[in-house]
Amino acid sequence: MSKVKKKIKSIKIDVDKCNGCRACEMICSAFHANPKYSSNNPERSRIRLIREPLKDVYLPIYAGEYAKAECMGRDKYVIDGKEYGECSFCRASCPSRDAFKEPDSGLPLKCDMCEDLPPGEKPLCVQRCLNDALIYEEREEEVEEEVKLEDVETGLESMVDKYGLQKIMDTVARMSMSKKG
Amino acid sequence: MRYAETGFNLEIDLSRGNIERVETDPKLTELHLGGLGTNAKILWDRVPPETEPFSPDNLLIFGAGLLCGTPAPGANRTIVTTYSPQTLLMAYSMMGGFWAPELKYAGYDKVIIRGKSPRLVYLWINNDKVEIRDASHLQGKGAVETQEMIRQELKEPKAQVTAIGLAGENRVYFASIEQGRSSASRGGIGAVMGDKGLKAIAVRGTKDIQIARPDEWMKLVNEVIQYIKFREKNLIPGVIPILARLGSPQEMAIHDEEWHTTNFMWGNARQRRRDFWTKEVEQQWRETQESVRTRLISCYNCPLKCGATISAPGISTYMMKCFSKLTYTMAAYSDLDFGFKIAGRATEYGVDGYSTPQVMAFALELYENGILTDEDMPGMPSDTEGRFYWLLDRIVRREGIGDVLANGTYWAAQQIGKGAEAYAHNNIKKQEQLPLKLGMLNPVYFLMYSTGEKINITQIEGQFPQAPFPTKEEREAFVKDWFQVPDERFKQYFLDWELRGENSNPYYPTVEATCEIVDWQERMHYIDDALGMCAGLSSFHLKPPYHIHNFPALISSATGIDMDEAGLSQAAKRNRTLIRAVNIRRGMRRADEKPPEDHWKKRFPELEAKLLDAYYAFKGWDHQGIPTKASLHELDLDYVAEDLEQRGIIKNE
């Protein structure tokens, strides 16, 4: 399989520099309001600050993929004597916690790196973090070319059209049985 | 649709256990903006002047500023209003932190508490669901400890909690209301909360705050942010470190305390130690600060770091606010290590960091001078630091002499007698002030100390330099980019102000210029306090990011209310006059309006009378400081004039 270049957008989080102000949450929710900036509500934000001031825990975390089920095992981390909760470093919007869900609909939220911004502009949370706890980085990586699922799908679709879905499913099942056997 | 504000208040009657959500009149927002302005309006309308501070009829109002919860940096202040048990006047202490924005996200602009609960309770506001909950298990718990315990029992780590400690429960006249890294400390509002049987208010909100004209609004907010960045990089030359950069101030970030320690008074506001700050002290204090300071922290949506998490050995972790770093240290003639440690205990007890150390230094002075004796102080340790802890423990429990001292220096002196009054020497309107004693009268500061309704110099000063710059070149450089002035003539006042000679204190700035300078400084604070804007990004500072020229458009685009500079100044004046009327109705008069007798060595009674006369006239008040009928009419406050007339305060000419 051939290699291709892909642009990776990332945000480096320097928790030591976080002053806990939650401007990142505020501006994220304002930017994603419709129309833009017409409202704000940190509960709609795609970045959340896990904040336990008396334990000096300040951890900005971004919304990632939606997960249908919660994890079977959950871990806790102790770093420099500070204990981080079992979901602290997890980006998932999942049934085990309230974070990263629209407050009224419960639908999952996901960070989109503010893709609506004009090219070259950094995500709003980064722009608004005046203490440089959030630093935007872009790099290029060589990745394996992905299987274009669309193509397989197109092919299958046509087979289904010709023979019917049940026939295709039966055939695939029989083939995989015999391959295993 | 309501913009920037939610349009709803929560009305809580603790006597009856009643909770109501009440829609507010948008017209009042146009007249008073919000925060302090609408708080004062409620107090005027609903609490008659005969009401005792510890009466169930006294209201305790927690108001979020108009811009709190919006993207405007620094708009996070809660304004707490009630009648003060200490001054007997209107108290409007304020706090930053995270509580006011959370309240707005829960769907409310204010929480108005009336009545008294028969047992200790706390309030839990979770969006539309509001409960009065039992707090008997929290009795006697620390203010910081309580916040954490409530978050845990509610299983709501994101709830923002404001709470009182033992001092508030025991109605200490300088008890504070604590909240995370902030507190509303002045005027004994924590005692009123304790009197109502209310230990804490927890709030969690997940609703939207709307903005009327988003594009225009964000452009203005971004300009503010750009200017904050500029100011953080470009310190103002010629002023002390804490004034050179923005912040409220950023006391936890700086080490250089030469100015405070050599200019402010030590002990019971008595002794100036000009030679105190040496290389050794600097080194030792730097080490102390860096060893206990875990992190520099901020309030909601603010990039400045004015607070710090303090973890000192032997005490529980707490978050420190700006100047309490030095108040205990200096009152006890001790060092920074002592200051950080006792402030931790004081924060848990919930007491004001200005008044408390001074009350204790006052008690020790009385003891040294034989007015208080060993009979009053049974078992008191022999070292000053030990004595401070001993006194603090007794004051917050109202034990023995602590019961007397818990009423503050003014009332304690009255009660103790035997000449103790002379030792309560640093008060204005019965309240302890910053320990400053200076030489030559400064006319601007004379008026601010005398007439400031907040009775706290840091909450009225700011826009105009505290002292003239030595050279013409420095002054010219300063005014070059001073676009925040309301009018070009303010630059001239500063350019002409000199250290010595004809154009120096106390006769320059002239009486007329002094009135204008004081009015401008005060106006900016009143605007901030209505909007919930922190003075650390605004009115407390020279050349701040928020000023009279950008506030109108910010307010207008956020709220949809038409606003220009004249309209905003008028609203600020309306609020300011209404608060004056509240206090006038409670008996405040010209005779109360004076700085501590010994604040300046060189006093000028004739000039001072002239200043007060001119300023009263400038403000539309009569010779006694009472707003005139005409000026009240001009501010749409005819109902205030009528009331004052009926009471015979305004004479029917």
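Me: At what angle do helix α17 of chain B and helix α20 of chain B pack?

Reply: Start with the ground rules. This is a predicted model, where local features need pLDDT of at least 70, side-chain atom pairs count only at pLDDT 80 or more, and totals for chains, interfaces and linings use all residues, while side-chain values use heavy atoms, with hydrogens and water left out. Residues are numbered from 1 along each chain as its sequence is written, and chains are lettered from A, ligands numbered from 1, in the order in which they are written.
Helices (H or I, at least four residues) and strands (E, at least two) are DSSP runs, numbered from the N terminus. Axes are lines fitted to C-alpha atoms, for helices over the stretch in contact, and angles run from 0 to 180 degrees between N-to-C directions. Now the case. α17 (residues 443–451) and α20 (residues 511–531) of chain B pack at about 50°, with axes 9 Å apart.

Me: How is α17(B) placed relative to α20(B) in words?

Reply: That angle makes α17(B) oblique to α20(B). The cut-offs: under 35 degrees is roughly parallel, over 145 roughly antiparallel, 65 to 115 roughly perpendicular, and the rest oblique.

Me: Which hand does the crossing of α17(B) and α20(B) have, left or right?

Reply: Look at the near helix. If it is turned anticlockwise from the far one by less than a right angle, the crossing is left-handed; if clockwise, right-handed. Here α17(B) crosses α20(B) in the right-handed sense.

Me: Which residues make the contact?

Reply: Contact means heavy atoms within 4.5 Å. From α17(B) come Pro443(B), Val444(B), Leu447(B) and Met448(B). From α20(B) come Thr514(B), Cys515(B), Ile517(B), Val518(B) and Gln521(B). Sort them by class: seven are nonpolar, two polar and none charged.

Me: On to sheets. What is the order of the three strands in the open sheet of chain B?

Reply: Two strands pair if DSSP finds at least two bridges between them. The order is β16-β17-β18 (chain B), with antiparallel pairing. At the edges are β16 (293–297) and β18 (318–320) of chain B, each pairing on one side only. The twist averages 30° from one strand to the next.

Me: How many bridges join β16(B) to β17 of chain B?

Reply: Four bridges join β16(B) to β17 (residues 307–310) of chain B. One facing pair to find is Arg293(B) opposite Ile310(B) in β17(B).

Me: Which helices pack on this sheet?

Reply: α10 (residues 279–292) of chain B touches β16 and β17 of chain B, at about 80° to β16(B). α12 (residues 336–349) of chain B touches β17 and β18 of chain B, at about 110° to β18(B). These helices also meet: α10(B) and α12(B) pack at about 30°, with axes 9 Å apart. That makes them roughly parallel.

Me: And the open sheet of six strands: what is its order?

Reply: The order is β2-β1-β6-β3-β4-β5 (chain B), with mixed pairing. The edges are β2 (18–23) and β5 (90–95) of chain B. The twist averages 15° from one strand to the next. Within the sheet, β3 (residues 60–64) and β4 (residues 78–83) of chain B pair antiparallel over four bridges. Ala64(B) faces Thr78(B) in β4(B). Helix α22 (residues 565–585) of chain B lies across β4 and β5 of chain B, at about 135° to β5(B).

Me: Step back. How many helices and strands does each chain have?

Reply: Chain B has 25 helices and 22 strands. Chain A has four helices and seven strands.

Me: Why is chain A called more spread out than a compact globule?

Reply: Because its radius of gyration is 22 Å, well over the 16 Å that the globule rule gives for 181 residues. The radius is taken over C-alpha atoms, and the rule is 2.2 Å times the number of residues to the power 0.38. The C-alpha trace of chain A spans about 65 × 40 × 40 Å along its principal axes. For chain B, with 653 residues, a compact globule would have a radius near 26 Å; its 23 Å agrees.

Methods:
Nonpolar A, V, L, I, M, F, W, Y, C, P; charged D, E, K, R; others polar.
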